[in-house]
Structure formats: structure tokens, C-alpha cells
Amino acid sequence: MGDTLVAVGGAFLAAGLLARLGRRVGLPTIPFFMAAGVIFGPNTPGIALVEHPEDLELLAALGLILLLFHLGLEFSVGDLLAGGRRLLGVGAIYLLLNVGGGLAFGAALGWGSREALVVAGAVGISSSAIVTKLLVELRRLANTESRLILGIIVVEDIFLALYLALLQPVLGGAQGASEVAVQFAVAFAFLVGLGAVARWGAGVVGRLITTSDDELLTVCFVGLAILVAGAAEELGVSDAIGAFMIGLVLAESTVAHRIEHLVLPLRDAFAAAFFFAFGLTIDPGDAWSVAGPVGVAMALSIVLNLTAGVIAARLHGFGRVAAANIGFTILGRGEFSLILATLAASAGLDGRIGPFVALYVLLLAVAGPLLTARSRRLARLLPARLFPPAPTRPAVAAPPGPKGTP
Amino acid sequence: MNRPDPRPSPKLFGGDVTEVALPGIGQRYDIGVADGGPLTVVIHHSGRRDLYVIDPQGDEPRAAVTLTDAQARTLGAILGGAYFKPAVVEEIEAVIGDLLIDWVTVEETSPGAGRTIAELEIRRRTRMTVAAILRDRVPLIAPEPTETLLPGDRLVVIGRQEDLTGFRRHVVG
């Protein structure tokens, strides 16, 4: 028991201290948690805190569940609709470009079609955690385009949930078209079922766990989240999507805000364990074999994100700087890419996906914030003719007010 | 076209404040003020507040301040004049929608001085409510109707804006 505790404690502490170094220079935490796993794992010389990644399996699973549970909890249909059709349109364009480009890239890699689907999601979907934190830290929340960036993130979040739900039957080792079809039907029924509960039964579920006592509420929602995630996994739908859906249900309950608050420290701790455990499975020696694909994927992501940024800015009448801000900010990749890589690993897909995603996330996590902080200067690289010759539009909010001083 | 879906909330603030939801973060309020640029306040779900002074010419804010929930409330109270009333300001009023909160001082010569809230029939005759009495800097929250108003008392009153004048005439003189 003692050695397990030393391993777990060492894992948390190593992840925390390494990420702290990163924070000093303004880098996101997720890649450092992962890097700690690589460094203190069995595949690198020096101290191996954890010899067998399976030892952290349960902690990592809880991290994954809490990540998705919190995502579902925070998701609000109101937020999605508040931006209107234009926002949905921009989100759709972003996903079409990036997931579509990722799919073409994944297919070109020739690792297999299931692998291509995982790669598409891993390079196509931004990290909500990294993007949100970046906006706060660069003090850009007051910028007009930040609202749009956060809107795109919301659209991406809901897409991720659907993607996870549909990917699982494909990855789940179902043989033949009919079996896949059955798996799809189960996944779909699960989504619709819990979606209906969120819409009409949230009050009942809420009453089941609602108490004014924070301690009891925490114990109850943790139990509910893990139980539904486990049930989903048993049904072949994936624990991630189960956790997301029960989060969605509780988001409609009266205690949603309190749960949101209470779940944060739990999520932070266990998610770090998830990223660390992912790092344990990575052998840095494999990095060279995937260096080429990672380089291409990074270049592709930067081009596609900037393209999406320019289109989004054009649709909203923003200028060059705002376009660069959008493009570079949503470049952040993190938890979702790693979740997809974990799914791929547990489905026994091509072993190169793990190192590929790990290196891709690590490099983008460093490049993304650095580029974003300099987006104003980099904006000059965008051709001016892409933007309407209207008078220079400020990237920040003009004085508002219905009386109108435009 | 420059601003996506600004949602003016004239009911709350009298018209020159725009409220925008920031998904996953909280709410953003743009307050049109001088210097050509708006003052922007971001209230995070966590209670954290960010204050931005926007530079209309530039892309980065001219100033940015981050406050905790408690600090923000203190700052709000200071700005609202709860601690110190500048001499040039005759009256301090805070209007939230139809609701008005004001501070008035009872003078030696005030018709209300030396009389109780019940005797003055403040609520019935002025439709205003005395929410607190600040006496020797000690607040007396929700005073009883039997409480006597003394010269020098500062009254925190709540009511409708249109009733304030009547209240002043009746109590302060």
C-alpha cells in the first residue's frame, strides 16, 4: 500500500511542480501534467514513479469522467443560442475546416480509417480549458472578438460530445456493418434518452441529490456522475459521454451552480492524474517516428485556424487583429485531443497515435500562447486585401449604448 | 456590425450599459464613459472581477485591474459614497431600475428630528422605507418604528425615485 501511495502522491506532486514552472512563463498546465508522466514514467531513464500505467487507471478514469461531467454541467443551450445563427455558422465553419482538414490529413497518413477519425478529432477540436485561460491571462476578455471565440468553444464542446458518442461504436471493435449499426443505435438511444431526461426530468434527478449540505451534495453528485459513466461504458457508449450527459442533466437542476463550484477542485486533481497517466504510456523514443506527421499537422492547424479566424472576422466585420486573435487563440489543443488518444489506445488502434497526439499537444501548447500573445504583430502577415477597405475597425468594443455613438 | 449582439439593459442601468454573456466565464458589462472609450467590467462565475479601461485607438486595454469578490464590493461601496461623501455632491443616489437608494442627513431643524418613525408615518405618507440609520458611524439596520430620529442621523432610504422629494420635505425639511 505504501509504495502505491508514494507513487500516486509523487505523480500529483511531480505534475504540479512541473506545471508550476510552465505557469511562470505563461504556458498552460495540461501538457506539463502529461510531460511529468513521460519523465517519471517507465519509458524514460531516471526515477520511474509508476512502473505500470495501469496502476493509475482508476484515478485517470475518474479524471476523464470529471472533465466531461464538468463540461456537460457548464454547457448551456442558452449560451449556444444567444450568439444566434451567425455564431453557430462560425462554429460550424471552424469545425468543417479543422476536423475536415484533420480527416484528410489522417487519411493521408495511411494509418487506417479508424485512426484517421481519431486524428481528425485530436487536431480539429480546441481545448476549452486552454483557450479560456489564455483569454483571461492575456486580459482580452473585454475584446469584442473574445465573445466570438468563447462562442466557437461552446459549439466545439457540443460537437466533441457528439463525436465521442459516434466514434465509440466505430472504435469499439464491432465486426461488420450490422454490429456497428446496432452500436450506433445504442449510442444514439443513450444520447436521446439522457437528453430527454435533461429536458424534462432534470427536476426529478435534481431532487434526488439536492441538499443544502455541501458535503452530502458532493458525495451524491460524484456518485451519480461515476455511476452513469460506468453504465454508459457497460452499454458500449463510453464513460466519457455518459459523464457529459449526466452533467448536462444536472446543469438543468436547481443546484447546478453549487455543483459547478464544488466539482472544480475534484476535477482539477483527477484530471491532472488523467494527463499524468496518459504521459506514462508515452515513450519519448517514439517521438522521432512521428516527428514528420506532427510537423505537418502543426502547420496545417495554424493555417486552418487562421483561415477560420479570417472567415469569422469577416462575417462579423472585425479587422485584421481580431482575425489573428481568433485564429491563434483557438489553436490551443489539450484535454480533448488526449481523451481521443486515450480512446484510441484502449481500442487497440495504431500505436503511433499516442506519441503523435502527445507531441502535437506539447508543441502546440507552447506555440499557441506564444503566438497568441504576439497576435497583434503577427496580424500584419495576414493579407490586408482579405478585409474590407472600411475605416480601420477597432478590435475592442466601441462605446456601446442604444443612443449610439458609433 | 462591429459589436455582436449587444444587449442593452436600460431597465437595469438607465441605458448606457451593455451586457454581454461570456460563455464559460461570466458576464461582461460595457459602460460608456468619457475618454472616448468604454469602461468594461467582467464578472466571472467565480466572483472575480476584471476592470478594463479600453483604449479606443489601440487593441490592448489601457488599464486592467483584477479584484476578488470582496474587494470589488468594497470598491463599489466606496464609489457609491458609502464611506465618504464628497462635498460637491449634494445627494448621493443609487438607482437600480425603479428602485432608489439614497442617504439623507437629519438636521437640527428637520421636521423629523426628535420624532419616531411611527409618528412620522414615513412608510404610509412618503412610500419610502428607512432601511438603516447611521448614528455615530454605527449602523442600525432595519430600525424599529419606535426608533427616534436624532439630528445628525444619516438615513439610508429605499423607495421609488419620484417619492424622494416628498420624503425630503416630510422628514429632512
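Colleague: At what angle do helix α13 (residues 287-316) of chain A and helix α14 (residues 320-329) of chain A pack, and how far apart are their axes?

Modeller: They pack at an angle of about 140°, with their axes 7 Å apart. Axes here are lines fitted to C-alpha atoms, for helices over the stretch in contact, and angles run from 0 to 180 degrees between N-to-C directions. Helices (H or I, at least four residues) and strands (E, at least two) are DSSP runs, numbered from the N terminus. Before we go on, this is a predicted model: local features need pLDDT of at least 70, side-chain atom pairs count only at pLDDT 80 or more, and totals for chains, interfaces and linings use all residues. Residues are numbered from 1 along each chain as its sequence is written, chains are lettered from A and ligands numbered from 1 in the order in which they are written, and side-chain values use heavy atoms, with hydrogens and water left out.

Colleague: Thanks! Are α13(A) and α14(A) parallel or oblique to each other?

Modeller: α13(A) and α14(A) are oblique to each other. Angles under 35 degrees count as roughly parallel, over 145 as roughly antiparallel, 65 to 115 as roughly perpendicular and the rest as oblique.

Colleague: Which residues make that contact?

Modeller: From α13(A) they include A:Ile302, A:Leu306 and A:Val310, and from α14(A) they include A:Ala323, A:Ile326 and A:Phe328. Contact means heavy atoms within 4.5 Å. By class, the contact of α13(A) with α14(A) has nine nonpolar, three polar and no charged residues. In this scheme Ala, Val, Leu, Ile, Met, Phe, Trp, Tyr, Cys and Pro count as nonpolar, Asp, Glu, Lys and Arg as charged, and the others, Gly among them, as polar.

Colleague: How many residues of α14(A) are buried?

Modeller: Nine of the 10 residues in α14(A) are buried, so this helix is mostly covered. Buried means under 20% relative accessible area, exposed over 50%, and partly exposed in between (1.4 Å probe, protein chains only). A:Asn325 and A:Thr329 are among the buried residues of α14(A).

Colleague: What do those buried residues pack against?

Modeller: They pack against α7 (128-137), α8, α13, α16 and α17 (375-378) of chain A.

Colleague: You mentioned α16. How does helix α6 (residues 113-124) of chain A pack with helix α16 (residues 353-373) of chain A?

Modeller: Their angle is about 10°, with the axes 11 Å apart. That makes α6(A) roughly parallel to α16(A). A:Val118 and A:Ala122 are among the α6(A) residues in this contact, and A:Phe356 and A:Tyr360 are among those from α16(A). By class, the contact of α6(A) with α16(A) has eight nonpolar, no polar and one charged residues.

Colleague: And what about α6(A) with helix α15 (residues 335-346) of chain A, at what angle do they pack?

Modeller: They pack at about 165°, with their axes 8 Å apart. That makes α6(A) roughly antiparallel to α15(A). A:Val118, A:Gly121 and A:Ala122 in α6(A) meet A:Ser337, A:Leu340, A:Ala341 and A:Ala344 in α15(A).

Colleague: New topic! Which residues touch the most other members of the largest nonpolar core?

Modeller: A:Leu68, A:Phe69 and A:Phe356 do, in a core of 142 residues. Helix α8 (residues 144-171) of chain A gives the most to this core, with 14 residues. A nonpolar core is a set of buried Ala, Val, Leu, Ile, Met, Phe, Trp, Tyr and Cys residues joined through side-chain atoms within 4.5 Å. Not counting residues up to four places away in sequence, A:Phe69 touches several residues, including A:Phe221, A:Phe244 and A:Leu250. Apart from that core lies another one, of 17 residues, with B:Ala113 and B:Leu164 among them.

Colleague: Over to chain B, then. How many helices and strands are there?

Modeller: Chain B has five helices and 11 strands. Buried residues make up 38% of its 173 residues.

Colleague: Where is B:Asp163?

Modeller: B:Asp163 is in the loop between β11 (154-160) and α5 (164-172) of chain B. B:Asp163 is buried, with a relative accessible area of 6%. Leaving out residues up to four places away in sequence, B:Asp163 touches B:Thr126, B:Arg127 and B:Met128.

Colleague: Last one: is B:Ala142 buried or exposed?

Modeller: B:Ala142 counts as exposed, at 54% relative accessibility. B:Ala142 also has a positive phi of about 45° although it is not a glycine. A:Ser238 has a positive phi too, of about 90°, but A:Ser238 counts as buried at 1% relative accessibility.
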